[in-house]
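Here's a quick briefing to read alongside the model. Have the viewer open and follow along.

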Amino acid sequence: MLAASQGDGAAYRALLAALASHLRAYYARRLARSADAEDLVQETLIAIHVKRATYDPALPFTAWLHAIARYKLIDHFRRSRLRRTLPLEDAASVVAEERTEAAEAARDVERLLAALPEARRNLIRHVKLEGLSTAEAAAKTGLSESAVKVGVHRGLKKLARMIREGTR
Amino acid sequence: MKTDALIERLAADAAPVRRSAAARTLALGLGVGAFVSAAAMLAWIGIRADSATAMAGWPYWMKFAYTLAVALIALGAVERLARPGARARAAWQSLPLGAMALGALVQWLATPDAEHMHLLLGVSHTVCPWRIVALAMPVFAGLLWSLRRLAPTRPAVAGAAAGVLAGAAGAWIYAFACAESSVAFVAVWYTAGIALTGLLGALIGRWALRW
């Protein structure tokens, strides 16, 4: 998005294409008619384009994207005067949606992680994302427990610095 | 139209966007609105005749301080509400009004009973809130113009915040013309004008700020 705001057409096209498939899944899960979903995808892409000045690089991109997607969805329901009732059998898909949102947050995390050296990235993934204990991670990577602790600590510190400096 | 074709067209239109573009849009709407409002105040009511002497006393500055504080808080809220996904925090909102209520109470207790009605009603309470609402309108129009170019995902809330900001700006401008000097008067009637504008902003924002 940052590259796109600076007028990089190729990066922007790649971003929009990625967002399109993403939004398609988002709306398809929430709407019965796939033609409506495709309309909303296009409408949201246009909104992202027209309103791109409102993206504050200091804030997470996914939050911005989601707020727009949700706004367009609500707008659609208001226009079509549909009530958002939810049959019980759809409850599972709502739970699945929650997971998708977590997956999007994970995408931000993955991009940050990519900037770390591989060994350290794996340590953080084991301990912080997969929830292994220090001992388990040590066994898995062949490092000592204290080496694992130090590696995780330094890795997190670097990530925190990157977030502060707005590297994303 | 095919989505892929749309993406091509949008990508071809990827003109650089300045980081400060949103802030500039808001500043322009607010600035032009405030300018028109100030001109209207000069033409319609005029600066109070005793400005030079009144400037020596604290009540003159109290009105500017209160309205400026409310305006700054509302401006912060408008700026966040104009951006999708940015959370509006609600920490400082009641601080200026709380300070005014406290000041009004102190002044009230320090004044003889006979003058209490004058403290509260002054000589202009019947016109004060309405003048503030009227002077807020150019500012509100400017803010609507700005917000329509931005992306408020909660139109009614954004409209209310813009209304409060416009009301506070209108009240700030009106303070140049208003000769009242009681804290209670400002706390009640200025606040009434600002709140009215906020309410109006919420009603108008509901439909005017959709995108």
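Predicted model: local features only at pLDDT ≥ 70, side-chain atom pairs only at ≥ 80, totals over all residues.

**Where chain B meets chain A**
- The contact brings together 22 residues of chain B and 30 residues of chain A.
- On the chain B side, the elements giving two or more residues are helix H1 (3–12) and helix H2 (21–44).
- H1(B) gives the most to that side, with 6 residues.
- By class, the chain B side that touches chain A splits into 16 nonpolar, 3 polar and 3 charged residues.

**A helix pair in chain A**
- Helix H3 (residues 34–50) and helix H4 (residues 61–80) of chain A pack at an angle of about 130 degrees, and their axes are 10 Å apart.
- From H3(A), the contact uses Asp36(A), Leu40(A), Glu43(A), Thr44(A), Ala47(A) and Ile48(A).
- H4(A) answers with Ile68(A), Ala69(A), Lys72(A), Leu73(A) and His76(A).
- Sorted by class, the contact of H3(A) with H4(A) has 6 nonpolar, 2 polar and 3 charged residues.

**Helix H8 of chain B**
- H8(B) runs over residues 155–174, which makes 20 residues.
- From first C-alpha to last, H8(B) reaches 28 Å, close to the 28 Å expected at 1.5 Å a residue.
- Of the 20 residues of H8(B), 18 are buried, so this helix is largely enclosed by the rest of the structure.

Methods:
Residues numbered from 1 in each chain as written. Chains lettered and ligands numbered in written order. Contact = placed C-beta atoms within 7 Å. Helix = DSSP H or I, 4+ residues; strand = E, 2+ residues; numbered from the N terminus. Nonpolar A, V, L, I, M, F, W, Y, C, P; charged D, E, K, R; others polar. Axes fitted to C-alpha atoms, helices over the stretch in contact; angles between N-to-C directions. Expected span 1.5 Å × (residues − 1). Buried ≥ 20, exposed ≤ 12 C-beta atoms within 10 Å, placed from the backbone.
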